[in-house]
Amino acid sequence: MANSPHGGILKDLHARDAPIHNELKEEALTLQSVVLTERQLCDLELIMNGGFSPLEGFMNEQDYKSVVDTLRLADGALFPMPITLDISRENVEKLNIVPGSRLALRDPRDDEALAIITVDDVYQPDKVKEAIEVMGADDPAHPAVAYLRNSVKDFYIGGKVQAIQAPIYFDYVSLRYTPAELRALFEKLSWRKVVAFQTRNPMHRAHRELTVRAARQRQANVLIHPVVGLTKPGDVDHYTRVRVYEAIMAKYPNGMGQLALLPLAMRMAGPREAVWHAIIRKNFGATHFIVGRDHAGPGKNSQGKDFYGPYDAQDLVTKYNDELQIEMVPFQQMTYLPSSDEYQPVDEVPKGVQTLDISGTELRKRLRTGAAIPDWFSYDAVVKTLRASYPPRDKQGFVLFLTGLHNSGKDTIGKALQTVLNQQGTRSVSLLLGDTIRHELSSELSFTKEGRAEHIHRIAFVAAELARSGAAVICAPIAPHEDSREHAKDYILQNAGSGGNFFLIHVATPLEHCEATDRKGMYAKARSGEITGFPGVDDVYEVPSRANLTVDVTTQTVPEVVHAIMLLLETSSLL
C-alpha cells in the first residue's frame, strides 16, 4: 500500500476538474494569458498532478511569507519551498491583473492553455529575504539566487488553479508517471515499501549498490526518481542521463526497481530542498527516501566554502520526521573493495583494507581525455552513453565572450581569434560581432538596458546552439551590464550541452583611448547628444567582476592578447 499523501489527500486537479474540462478550455480562449517560464511550467505540472500536495495553486502573499519565515503554509502545514508565479510590472498593468482576475496559463513550448488561475493577490516579494531564508545567503554564486536576481520578475501572483490539461511531452513518455499513476502501479505490483532515490546526475555502480542495499535492509523495492526539469547549470542533459538510467536499471535484481521521471525545477536549496523532496516522494507513494550527504547542495559560495554542512539536510529532515511520515534513509558513502570485488559502506570497511574510488572530477577528466574507466566503477553501457554525449575536451565547443567599450579593440581581437582558430582546423569557428548581430537579429531593439539585455540574450541563444554542435564561438558585444552578461553565461552553461564552456574576456581598454581613436565619431555624437544611451558617456559600463581574462590594447598588442586567450583555451584542455 502506497504512503498517504502529504496532508492526507492527493490534490489531483486533473481528476477534480475533469467534469468541467470542456468549459475551462472554452473559457481559456476568452481570457488574458500568461506564458509560463520553464520553471513555472515544472511547478504548475506538479501542482496539477498532486506532486506538490497540499498545494492547489501558486502561493498567495500570506502563504509565501509564512513559508519563507517558518517552512509552513499559513494553515500550519509543513511546506519548505515557496512556489510562486512571478510576473513583470508591465504585464500586471497591461493585463490589468487584480484580485479576482482569471488568467489562462500557457505552455511556452506550444502555447496550449494548461490551467486557469483565479488571482487571490498580486504582491511584491522581498527577494533578498527570500534568498537569505530559503537558500541561506544572498550570494549570486548560488544558482537559485542568481536566478532570483536575474530571471524572476518583480511581482508574484497568488491563487488557486483549475487544470485544463497536462503538458505534452514527446520524450520518454512511458517513464513519465503522475503520482496517481505511480501509486496505482505500486498497488498493481503489490509494493508495500518503496525506497525513493533522488538524483540529477548519471548513476554508476556505487549508486546501484547503495540503493539495492537500502532496499534489502528494509525488504522494500526501489524507485529511481531522477529530476528531468531544471537542475544546476552545467549538469548533464536529461536525455543523456535517462539513457544512463535505462542502462543501469537492467543491473537491478529482477522486479526490484522502477524508473520514473520527475519534472521538477530544483532550487539546490540544501536542507529545505531535502524536506521538499521528501514531501514530493511521499506524494508519489514512496515510504522511504534516501537523503544524501550535502543533499541538493549547489557547491561553493563566493568565499569558496560549501553553502551547507554535509549533514544539514539529514538533520532538518530528521527534525520534521513525525510530520513527514516518510522514513529517511541516510546516504551511505560506498567504496569499492578490490580484494572481494564488492562495494561496502565506507564506515564498515575494516582498517587496512584497500579501497578504490573515482571522484566526479576524475570521471569528467577521464571522459574528457578518453582515458579508461574501469568496470568496477561503472558499467560499459553507461560509459558508452556518456562518451557519446560528452566527447573529449578537444572536440567540445566553447564560447569566448569578449566585452568592452566601443572601439576597445574587441572586434579586432575577435577577428584575429577567428583567423587563428580557423588555421587550427579542428572546429568550425563563428564570430558574432555585436553590431552585426544587432543588424541581423536585433534591429528593432532599443539601446535601453532592457533592449541591450534582450540583444545579449539573442547572442547567447545563437552561441549556445553553435557551441552545442562543437563550434568555437567568439562573441564581441559591448554588453555593458553585469546582469545580462551573467544571464548569457548561465544560459550557455545550461543549454550548450558539452559545448557549455564559457570564457568571459574583459577588453579593458581605457575610455580615453577608445574615444581618442574613434574614427567613426560615435563618442562625439554621444557627447553632443545626437545619440543617447552610449556606454562610457551617458550610460554606465559595469566592469566585470568575474572575468576569466582581462586584456588592454594600450599595454598589449593584438597578437599578444590573442596568444593569451589561446593559452587560456590550452590550459582548459580545449585545444
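Guide: What follows goes from the basis of the model to its domains, its sheet, its cores and one serine.

Visitor: What should I know before reading the values?

Guide: This is a predicted model, in which local features need pLDDT of at least 70 and side-chain atom pairs count only at pLDDT 80 or more, while totals for chains, interfaces and linings use all residues. Residues are numbered from 1 along each chain as its sequence is written, and side-chain values use heavy atoms, with hydrogens and water left out.

Visitor: How do you know which domains the chain has?

Guide: The bounds come from an automatic or database domain assignment, and this assignment gives domain 1 (13-163), domain 2 (173-337) and domain 3 (393-572). The centres of domain 1 and domain 2, taken over C-alpha atoms, are separated by 25 Å. Contact means heavy atoms within 4.5 Å, and the contact here takes 30 residues from domain 1 and 32 residues from domain 2.

Visitor: What does UniProt list for residues 396-552?

Guide: An unreviewed UniProt entry lists them as "domain: APS kinase"; positions follow the numbering used here, feature names are shortened, and annotations may be inferred rather than shown by experiment. The span is 45% helix and 16% strand, and its end C-alpha atoms lie 28 Å apart. Helices (H or I, at least four residues) and strands (E, at least two) are DSSP runs, numbered from the N terminus.

Visitor: What makes β7 and β8 a pair of strands?

Guide: Two strands pair if DSSP finds at least two bridges between them. Four bridges join β7 to β8, which run parallel, and Val195 stands opposite Val222 in β8.

Visitor: What makes a group of residues a nonpolar core?

Guide: The term covers a set of buried Ala, Val, Leu, Ile, Met, Phe, Trp, Tyr and Cys residues joined through side-chain atoms within 4.5 Å. The largest one has 79 residues, and those with the most contacts inside it are Phe52, Ile83 and Leu105. Its largest share, six residues, comes from α11, and the core draws at least three residues from each of domain 1 and domain 2. Among the residues that Ile83 touches, leaving out those up to four places away in sequence, are Phe52, Arg267 and Trp276.

Visitor: Why is Ser484 called buried?

Guide: Buried means under 20% relative accessible area, exposed over 50% and partly exposed in between (1.4 Å probe, protein chains only). Ser484 has a relative accessible area of 7%, and is therefore called buried. Ser484 is found in helix α19 (residues 482-495) and touches Ala453 and Ile456, not counting residues up to four places away in sequence.
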